[in-house]
Amino acid sequence: MASSSDVLILAVGLVLAAVYLFRDQLFSASKPKSAPVAAPKGGAGSGNPRDFVAKMKEGKKRVVIFYGSQTGTAEEYAIRLAKEAKSKFGLASLVCDPEEYDFETLDQIPEDCCVFFVMATYGEGEPTDNAVTLCQNLSDESFEFSNGEHKLPDLKYVVFGLGNRTYEHYNLISRNVDRDLSKMGAIRIGERGEGDDDKSMEEDYLEWKDAMWEAFALAMGVEEGQGGDTPDFTVTEVEDHPPEKVYLGELSARALTRSKGIHDAKNPYPAPITVARELFQQSADRNCIHVEFNTEGSGITYQHGDHVGVWPSNAENEVQRLLCALGLVEKKDKVINIESLDPALAKVPFPVPTTYITVLRHYIDVSAVVGRQILGVMSKFAPTPEAEAFLKNLNTNKEEFATVVTNGCLKLGEVLQLAVGNDLAVEPTPENTTAWSIPFDIIVSSIPRLQPRYYSISSSPKLYANSIHATVVVLAYETIESEKVKQRWVHGVGSNFLLNLKFAATGENAAVLSDKSHIQHAAAALTPKYAIEGPRGAYKQDAIYKAPVHVRRSTFRLPTNPKSPVIMIGPGTGVAPFRGFVQERVAMARRTIEKNGVEGLADWGNIRLYFGCRRSDQDFLYKEEWPEYAGELHGKFTMRCAFSREPPYKPDGSKIYVQDLLWEDHEEIADAILNGKGYVYICGDAKSMSKAVEETLCRILGEAKGGTAEVEGAAEVKLLKERSRMLSDVWS
């Protein structure tokens with residue numbers, strides 16, 4: 001039996017439990033009562049940082065511009081539209097990343113306001129990462145705005161899309177946004193604009209915008225000429241700023257202070273380069289490099305099929321050219337601070353305080369072909385009437401601009417030199433380059449931010465957990481000669497930056513490559529030099545060089561079930577992700593064999609790789625590795641190779657490409673897809689290869705279905721894409 005003390009303890013425990021359970025009722029009298037306040041749905045005065053309508057009203061802005069951007073281009077065009085609205089009509093704009101706002105209040109946009117949508121199409125007709133929710137809200141009929149309906153009656157809007165015509169789903173997202181808004185009763189101003197990156201995004205934009213602004217002025221009841229040329233930034237030279245707090249090329253505050261943190265696109269990781277080697281043979285007239293970035297201890301993870309973003313600097317020759325053209329050579333290291341005069345319109349695009357040379361070397365894309373529109377602005381600061389007339393002609397004469405600038409691939413510094421008669425072929429110096437008095441704030445406003453260059457990761461974390469591999473063809477090509485500009489070599493920024501790192505990491509001297517007298521063009525001998533040691537020498541440690549990188553996620557993935565057949569088509573460097581795919585399967589095979597023996601692979605689907613290049617003895621990438629992988633996969637890996645510049649050729653003497661090999665294997669391909677429920681992956685050139693491959697697949701599947709390529713074949717390919725059994729990672 002329980003003692004009296006036990007009973008007493010139990011009773012006290014019960015009382016305390018009851019007091020705790022009913023504490024609100026027992027002690028509510030001692031608390032001040034307050035009536036709950038229900039915030040109105042999407043109310044403008046709620047102080048909600050995600051309420052763009054409230055921000056528009058508070059800032060007296062009649063235009064809001066949303067951009068769907070993956071690489072920064074759509075954001076640049078959004079800012080340009082905002083600047084033009086201000087300069088033409090005196091209208092202030094709110095430029096918004098849609099990821100940072102909620103759209104329940106879209107129906108509350110005042111009648112005298114307008115919404116712009118600048119939308120890029122990404123991947124296989126998908127919205128950019130920051131526009132996914134926006135697109136879902138617009139297309140989902142169950143989504144309610146603050147009016148309780150999925151309607152936007154009389155909302156005024158403008159749409160400009162960014163796409164690439166070589167891709168199947170050209171400008172699909174801007175078209176979908178236009179369709180959804182119209183369906184909800186919104187009213188479009190002007191025509192929908194569509195920019196084609198395969199030809200000239202800039203020219204498409206310029207052709208579209210003038211008519212759009214005319215329609216805009218009519219719909220909004222405004223007149224041109226109410227605005228004026230006002231700067232976006234103020235640039236101030238700073239005296240006695242602590243040197244350790246000046247950005248000299250660091251990409252984040254953490255990089256400047258060398259503090260730990262997550263490494264992503266906002267804080268790239270300086271990854272040591274452990275391997276850098278040439279993949280093409282000595283007889284090739286091009287370069288292709290294999291680079292391995294060590295990510296151990298960085299916290300960076302990746303999956304097969306992901307992309308690695310490499311943050312390059314500009315070539316030193318172009319940095320020097322613009323320093324000379326702007327008359328900044330003597331004060332290139334002067335510390336400057338940059339402030340935005342309207343942060344809602346134009347944010348300072350890079351960290352400050354910094355220096356003139358740092359901005360040109362690390363932060364803005366001085367290596368890009370200059371845009372036609374900005375030459376009109378630059379002409380106002382010409383040192384001679386002749387130079388002013390030259391720039392104005394390029395600005396207004398579309399055909400002349402195409403002949404001189406586009407075909408000549410001229411950068412801003414080169415156009416400034418050309419306008420005053422300087423020699424573009426010699427190394428620029430203050431003595432041979434005429435200085436222009438262009439305010440530096442206009443340079444910052446006119447030239448976009450230097451962006452990372454993305455490469456398909458060519459390894460699997462299952463085999464290389466702490467190492468990211470990239471396979472990079474070095475871009476070097478000759479321009480089209482014109483009366484004003486001679487033919488010359490142009491070099492890609494990212495790939496030549498990596499080539500410089502490869503030379504340094506292996507102790508090579510780029511100049512020795514000019515000794516290859518058998519190379520017709522000797523392009524490698526012209527490789528521009530880069531400041532590869534990085535800010536404050538941060539990218540060099542003893543003999544180890546580093547490059548700032550981050551990982552961009554992808555949906556380009558193998559099926560999880562190894563029983564599914566896989567067909568991979570990747571000529572040239574399009575084979576890069578498939579090296580990672582095969583490594584992924586090799587790692588899985590090793591585990592399976594260790595557990596169940598080779599018999600464990602018996603029911604696996606076959607992996608077929610279709611690779612193409614010019615010659616087997618020149619540019620056959622990873623030639624020695626494929627037989628090793630085949631051995632480890634015990635008959636489950638097949639590789640077919642098309643060498644376009646060596647026999648055998650077709651009976652008519654024409655070259656053999658990967659699509660020809662696909663047709664040779666049409667029975668196996670059709671069986672793998674239709675009966676084996678296989679997956680198809682395409683990587684490489686979007687302009688011709690991917691289209692030819694898709695046409696061949698339509699032909700194969702159409703014939704297998706007893707029909708035609710145009711009807712039954714196209715229907716099967718469409719079904720494969722809808723079910724994510726046919727994926728592409730292509731570029732133009």
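How much space lies in the largest cavity? The largest cavity holds about 100 Å³ of space, a cavity being a set of points on a 1 Å grid over the protein atoms alone where a 1.4 Å probe fits but cannot get out. Its volume is the space filled by probe spheres set on the points, with grid points joined across faces, edges and corners. The structure is a predicted model, in which local features need pLDDT of at least 70 and side-chain atom pairs count only at pLDDT 80 or more, while totals for chains, interfaces and linings use all residues. Residues are numbered from 1 along each chain as its sequence is written, and side-chain values use heavy atoms, without hydrogens and water.

The structure contains 1 cavity of 30 Å³ or more. Residues lining the largest cavity (those with an atom within 4 Å of a point) include Trp311, His362, Phe497 and Tyr539. This lining comprises 8 nonpolar, 3 polar and no charged residues (Ala, Val, Leu, Ile, Met, Phe, Trp, Tyr, Cys and Pro count as nonpolar, Asp, Glu, Lys and Arg as charged, and the others, Gly among them, as polar).

Domain 1 (52-220) and domain 2 (566-730) divide the protein, with bounds from an automatic or database domain assignment. Their centres, taken over C-alpha atoms, are separated by 39 Å. Contact (heavy atoms within 4.5 Å) links 6 residues of domain 1 with 7 residues of domain 2. Of the area that domain 1 buries against domain 2, Glu124, Thr166 and Tyr167 supply 70%, more than any other three residues; buried area is the accessible area (1.4 Å probe) that two parts lose on being put together, summed over both. The side of domain 1 that touches domain 2 has 1 nonpolar, 1 polar and 4 charged residues.

Technical notes. 1 Å grid on protein atoms, 1.4 Å probe; cavity = no way out; pocket = protein on both sides within 12 Å on 5 of 7 lines; lining within 4 Å.
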